[in-house]
Amino acid sequence: MELVQCVPNFSEGRDPAVIDAIVAAARTVPGVRVIDHSADPDHHRLVVTLIGVPEAVAAAAFATAAVAVERIDLTRHAGQHPRMGAVDVIPFTPLGETSMETCVQIARRLGARIGGELGVPVYFYEEAATRPERRSLAHVRGGGFEALRRSPLQHERAPDAGPSTLHPTAGAVAIGARLPILAYNVNLATNDVEIARAIARRIRERDGGLVGVRALGIALPSRGHAQVTTTITQPWRVPLHRVFEQVRLEASRYGVAVTGSELVGALRLEDLLEVARFYLGLHDLAAHQVLDLAIAATEAAE
């Protein structure tokens, strides 16, 4: 059976009614599991993780996008996370033996449907990109919703699907196909956002830091501290513990402690095993030693 993961991100992290409506829309689609959803008022963002057969997951993503377009007004939205749309990004990731091409196809079909039925301009990115410069989500997003409002969607900003004018309240959406990534944030024992930004500059790839790591320093007023928020785009090369330790090392130069970290969405078992190998010295730890997996395999065989 082909399976895919989809992790749509929405520009809403404060209104429980809107959050519940988006998640409920995904749960109405047969063949799809909502395995996680996480909303944050400071990021002002909701991340939903879906798993299922490709066409069902695409249908669930469309259902959630329809709710977001109807109920989220970006002209009244302000948060710490960059965004260009009410439903900001919809990435598809192949699971198991599913091919990347399957994810590319459903991404493009979904883009055509969202553009045609919801009236939202669509940009394809990563493996679904239709031109080389649009592989990068950061390039596609650019200056975000406000920047897109100031310029016509023409020439290099022309969308890949949907109308050539920005949706007045829902903006635009990036839809892509990609390998698994990790959304991972590290919390600091300070409310000085400049320290968080300095740490982010030192650990992210574009400024000479860790390969495949994107990072920002942000303030979390509702929690009273700053955070280094990261995206680990190649977790098989740069594991969680390396990002955590690098943030802790850089924070120490300012006399700032790390108070904890948080995962947004899901991760692979291998990501956790690698952390255990590092911190516990279990260098030969293997997946077959995880009892829960053995139980699941036994039950599946019965």
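**Exercise 1.** How many aromatic pairs does the structure hold?

*Solution.* First, know what you're looking at: this is a predicted model, where local features need pLDDT of at least 70, side-chain atom pairs count only at pLDDT 80 or more, and totals for chains, interfaces and linings use all residues. Residues are numbered from 1 along each chain as its sequence is written, and side-chain values use heavy atoms, with hydrogens and water left out.

Next, the rule: rings of Phe, Tyr and Trp (its six-membered ring) pair if their centres lie within 6.5 Å; planes under 30 degrees apart are stacked, over 60 edge-to-face, and the rest tilted. The structure holds one such pair. Its partners are F278 and Y279, with 4.8 Å centre to centre and 90 degrees between the planes, so the pair is edge-to-face.

**Exercise 2.** Are F278 and Y279 buried, exposed or partly exposed?

*Solution.* Grab the cut-offs: buried is under 20% relative accessible area, exposed over 50%, and partly exposed in between (1.4 Å probe, protein chains only). F278 comes out at 43%, so it's partly exposed. Y279 has 38%, so it's partly exposed too.
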